[in-house]
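Student: I am new to this structure. Please put it up, and I will ask about it piece by piece.

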Amino acid sequence: MSIPDGVDGVDGVDGVGGVGGVGGVGGEVGAGGAGDQRRVQMLQAALSVIVERGFPETRIADVAERAGTSPALVIYYFKTKDGLLSEAMRYAEDTWYEEGARRTQGIDSAAGRLEELVAMSCLPDATSEITDSWALWLDLWAQAVRHPEVARVRTEFDAHWRESIVEIVRDGQAAGEFGEVDATDFSLGFSAMLDGFAVQIALRDAVVSAERAFRLAMAYASERLGFSWTPRDPQRARPSGRRRTAGAPAPLASRAEQGAARAKRTARRGTQRPRPAR
């Protein structure tokens with residue numbers, strides 16, 4: 001998950017600052033008025049401070065100073081430090097999924113979209129520092145052990161993450177790209193694998209490089225799902241499986257979009273005969 005653009009450029013409360021540059025967020029902020037602009041700027045400031053110092057060492061006063069506002073206003077918006085962490089991570093997660101939808105909308109094959117998701121999880125790009133991004137998640141996981149409010153957010157995020165993988169697998173199965181595996185079981189194991197690699201990447205492990213994690217994850221997915229994948233440039237690799245001719249929905253969908261997709265699948269199951277196993 002990437003840190004939203006513009007985090008380091010939050011200077012004050014009155015201006016929009018770097019908000020307009022965040023994928024999909026600028027329009028919402030503009031429509032919401034000055035209050036929403038201030039809230040987003042405080043969230044960006046919180047992410048910046050947490051990345052630098054870690055959540056335990058981050059104070060409300062630090063976030064207020066970075067955002068150019070008062071601690072009282074930060075408390076007014078987020079009530080507690082745990083609430084600030086939860087909302088900052090929610091903001092970062094939503095931005096990550098918006099970026100994922102943008103990056104995958106032109107990829108027709110489910111295998112290609114799965115590969116892009118793995119690349120976003122493991123590989124740094126030109127605009128973000130992946131180890132910093134995963135450092136945020138390490139803080140979230142650590143706080144979720146003892147703080148119920150943070151734990152609820154962690155549960156919600158993991159459910160969204162797994163469902164994103166399920167959506168891609170089922171779409172690939174419907175298109176004949178993937179074999180007949182249990183999509184939910186695959187998602188549970190594969191998401192745990194990617195999270196485990198993320199910890200090693202965040203810790204800058206000498207053995208588990210980002211490129212190696214990407215390669216191993218894709219090798220596992222291709223073998224388990226039954227599609228052909230040849231390692232190439234890790235930034236631009238695309239699997240060689242059969243590509244769909246019709247446009248595919250963005251796999252990194254919002255929570256509302258995922259709910260609608262589940263309803264459609266349930267309706268289809270009532271009218272379709274089971275597909276024969278490969």
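**Helices, contacts and loops**

Student: In which helix is I168 found?
Tutor: Helices are DSSP runs (H or I, at least four residues; strands are E, at least two), numbered from the N terminus. The run that holds I168 covers residues 148-174. I168 is in helix α8.

Student: What kind of model is this?
Tutor: Residues are numbered from 1 along each chain as its sequence is written, and side-chain values use heavy atoms, leaving out hydrogens and water. Local features need pLDDT of at least 70, side-chain atom pairs count only at pLDDT 80 or more, and totals for chains, interfaces and linings use all residues, for the model is predicted.

Student: Is I168 buried or exposed?
Tutor: Buried means under 20% relative accessible area, exposed over 50%, and partly exposed in between (1.4 Å probe, protein chains only). The relative accessible area of I168 is 0%. That value is under the 20% cut-off, so I168 is buried.

Student: How many Å apart in space are I168 and A111?
Tutor: In sequence, 57 residues separate I168 from A111. In space, taken C-alpha to C-alpha, they are apart by 8.0 Å.

Student: How many helices are in the chain?
Tutor: The pattern along the sequence is α-α-α-α-α-α-α-α-α-α-α. There are 0 strands. The number of helices is 11.

Student: What percentage of contacts between residues at least 6 apart join residues at least 24 apart?
Tutor: A contact means heavy atoms within 4.5 Å. The chain has 278 residues, and 45% of them count as buried. Among its contacts between residues at least 6 apart in sequence, the share joining residues at least 24 apart is 71%.

Student: How are α9 and α10 oriented to each other?
Tutor: α9 spans residues 183-202, α10 spans residues 210-225, and their axes lie 10 Å apart at an angle of about 170°. Axes are lines fitted to C-alpha atoms, for helices over the stretch in contact, and angles run from 0 to 180 degrees between N-to-C directions. Under 35 degrees is roughly parallel, over 145 roughly antiparallel, 65 to 115 roughly perpendicular, and the rest oblique. The pair is therefore roughly antiparallel.

Student: How many nonpolar residues are in the contact of α9 with α10?
Tutor: α9 brings F186, F190, M193, L194, F197 and I201, while α10 brings A210, A213, L216, A217, Y220, A221, R224 and L225. Ala, Val, Leu, Ile, Met, Phe, Trp, Tyr, Cys and Pro count as nonpolar, Asp, Glu, Lys and Arg as charged, and the others, Gly among them, as polar. The contact has 1 charged residue, no polar ones, and a nonpolar count of 13.

Student: Within what arc do the buried residues of α9 fall?
Tutor: The buried residues of α9 include F186, F190, L194 and I201. The arc is that of the directions from the helix axis to the C-beta atoms. Seen down the axis, these residues line one face of α9, because they fall within an arc of 165°.

Student: Which helices do the buried residues of α10 pack against?
Tutor: Among the buried residues of α10 are A213, F214, M218 and S222. They line one face of the helix, so seen down its axis they fall within an arc of 155°. They pack against α6, α8 and α9.

Student: How many residues of α6 are buried?
Tutor: Helix α6 runs over residues 110-122. α6 is mostly covered, and its buried residues number 13 of 13.

Student: How is α3 oriented to α4?
Tutor: Their axes come within 8 Å and cross at roughly 105°. That makes α3, relative to α4, roughly perpendicular.

Student: Which residues in α4 are met by I60, A61 and A64 in α3?
Tutor: By class, this contact has 6 nonpolar, no polar and no charged residues. The α4 residues are P71, V74 and I75.

Student: Where does K79 lie?
Tutor: K79 is not a glycine, yet its phi is positive, about 70°. K79 is exposed, with a relative accessible area of 60%. K79 lies in the loop between α4 (71-78) and α5 (81-104).

Student: Where is the place of R204?
Tutor: R204 also has a positive phi, near 55°, and is other than glycine. R204 counts as exposed at 59% relative accessibility. Its place is the loop between α9 and α10.

Notes: Expected span 1.5 Å × (residues − 1).
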